[in-house]
Amino acid sequence: MTATSPSREGEPAVGAGDDPRQYAAVLAAVYDAAMSGGRPPARPRDVIGESWRRVLRAGVDPERGSGESLIGAADLEARRAQSPLALVLDDLTGGLDAVIADGDNILVIADAAGHVLWRGGQTRVLHRADRLGFVEGADWGEQSVGTNAIGTALMSGGPVQVFSAEHFVRTHHTWTCTGAPIRDPRTDAVLGVVDVSGPAATIHPTTLALVSAVAKLAESQLREHHRRRLDELRAIAAPILARSSGPALAVDADGWVAAVDSVAPCSRLLLPGTPQPGRTWLHALGACEFEPLPGGWLVRVADDRDPTTTLVELDLAGNRPPTVRVSGATGSWTHRPSRRHTEILALLAAHPDGLSAAAMSEQLFGTDDRTVTVRAEMSRLRKSLGGVLSANPYRFAAGVEITTVDDPARSLDR
């Protein structure tokens, strides 16, 4: 391949028969001409030329990018906890172990906004990445650092390899990176990018195919995880639906349908932005009663009876394991929280108006600076208890009635 050859989707920057050093020299001349407004000796690949035009329109500085754009530790931890890519982290790292094992490349996983969530590799190459600002929490979208495999894969929607002077920011010309978007198999929305990066001399034409294959494997694992979660929800909902006296559905937190009873089958139900236990109007079904389930909701088409209340009983008695029992009009289910989650639930029950992450940190740890830990624990707890809990501030959801069975002799370790 030469610098004048047209690009094909998914084509590597350097082919098996190309000399990377010669190609890098051609790219440097093309880049210099493009930045100065001169006549380039060849045209860049289509995917690179389109990216350069976007970046120029965005006003990115080719010498230093758009400045430092690093999210804080708490924001990074929250993004990690909320990202579906956390479910397939082992698949991504395991599939690319061979590429980073020799210490010449690093593995990076970014979210759909281009922020680096995780990275891994040998210390020496990580230190080189540090000097480029290629660190966890950094924004590697095109509008921050110009053309690069993460930001350009997000913008183009396909896998891309960016070599040497194809990077828009000059300080990145000693680098090569290969990225592929990972899509939500349910909606086709991009969840993030898996990327392999390293010094320019490490470029290899097979890396693009490998990174693309690992991205597809991750999508397959996400699809399987979603299927398992719906199966688990279906098993919990089945006896409750059997006792229901009217039309009802069991859906996950995103509205994907696990089971129906006396309702026309559908794959997904459009839920309100922030579902709460109690009565809600749905365009597809009319007035409905929402009851929380582990990882989702029981949605009952309302009749003329008064709206029902979701009852949450916290059994914190010291002579038996702690239990959360959630009851609605059609049945109940239980959850056994961990010791830390038991502390959190007792704390929220004692503060019905809610607590900020800092206030919870003060109560749980005696200091207000453990907010990252609090947010991570709350994210895990909310995955188990579904719509029972709300955030901003953290509290039990509106429409939930709390009762507590407590043993004064119980002592929770901190």
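Modeller: What follows takes each term in turn and sets the value against the cut-off. The model is predicted.

Colleague: How do you know how far to trust the chain, and which stretches fall below 50 in pLDDT?

Modeller: The mean pLDDT of the protein chain is 88, and 93% of its residues reach 70 or more. Residues 1-8 have a pLDDT below 50, and beyond near neighbours in sequence this stretch has 20 contacts in the model. Residues 408-414 also stay under 50, with 14 contacts beyond four places in sequence.

Colleague: Why is the pair of Tyr23 and Phe163 called stacked?

Modeller: By the rule for aromatic pairs, the count comes to four. For Tyr23 and Phe163, the ring centres are 6.0 Å apart and the planes stand at 0°. The limits are 6.5 Å between centres and under 30 degrees between planes, so the pair is stacked. Tyr23 belongs to helix α1 (residues 20-36) and Phe163 to strand β3 (residues 160-163), so this is a link between distant parts of the chain, 140 residues apart.

Colleague: What makes Tyr23 and Phe163 buried?

Modeller: Buried means under 20% relative accessible area. Tyr23 has 5%, so Tyr23 is buried. Phe163 has 2%, so Phe163 is buried too.

Colleague: Which kind of aromatic pair do Tyr31 and Trp52 form, stacked or edge-to-face?

Modeller: Tyr31 and Trp52 are edge-to-face, at 5.8 Å centre to centre with 80° between the planes. An angle over 60 degrees is what that term requires. This pair also links distant parts of the chain: Tyr31 is in helix α1 and Trp52 in helix α2 (residues 46-58), 21 residues apart. With a relative accessibility of 0%, Tyr31 counts as buried, and Trp52 is buried at 5%.

Colleague: How do you know that Arg370 lies over the face of Phe365?

Modeller: Arg370 is placed at 4.1 Å from the ring centre of Phe365. The distance limit for a charge over a ring is 6 Å, and the charge must also be within 35 degrees of the ring normal. Arg370 is listed as lying over the face of Phe365.

Colleague: Which residues of helix α3 are buried, and what covers them?

Modeller: In α3 (residues 73-82), the buried residues are Leu76, Ala78, Arg80 and Ala81. Their cover includes β2 (116-121) and α12 (371-385).

Colleague: What lines the largest pocket, and how much space lies in it?

Modeller: The largest pocket holds about 1600 Å³ of space. Its lining is made up of 45 residues, of which Gln82, Ala253, Asp254, Arg382 and Lys383 lie nearest its centre. The elements that give two or more residues to this lining are α3, α9 (206-243), β10 (296-301), α12 and β14 (389-390). The largest share, eight residues, comes from α9.

Colleague: What makes a space a cavity, and how many cavities of 30 Å³ or more does the structure hold?

Modeller: In a cavity a 1.4 Å probe fits but cannot get out, whereas a pocket is open. The structure holds two cavities of 30 Å³ or more. About 50 Å³ of space lies in the largest cavity. Residues lining this cavity include Ile240, Glu291, Thr310 and Trp333. The elements that give two or more residues to the lining are β9 (286-293), β12 (323-327) and β13 (332-335), and β9 gives the most, with three residues.

Colleague: What makes the peptide bond between Asn392 and Pro393 cis?

Modeller: Omega is about 0° at the bond joining Asn392 and Pro393, and the bond is cis. Pro393 is in the loop between β14 and β15 (395-396), and Asn392 is found in the loop between β14 and β15 as well. Asn392 has a positive phi of about 60° although it is not a glycine.

Methods: Residues numbered from 1 in each chain as written. Predicted model: local features only at pLDDT ≥ 70, side-chain atom pairs only at ≥ 80, totals over all residues. Heavy atoms only, no water. pLDDT = per-residue confidence, 0-100. Contact = heavy atoms within 4.5 Å. Buried < 20%, exposed > 50% of the residue type's maximum accessible area, 1.4 Å probe, protein only. Helix = DSSP H or I, 4+ residues; strand = E, 2+ residues; numbered from the N terminus. 1 Å grid on protein atoms, 1.4 Å probe; cavity = no way out; pocket = protein on both sides within 12 Å on 5 of 7 lines; lining within 4 Å. Points joined across faces, edges and corners; volume = space filled by probe spheres on them.
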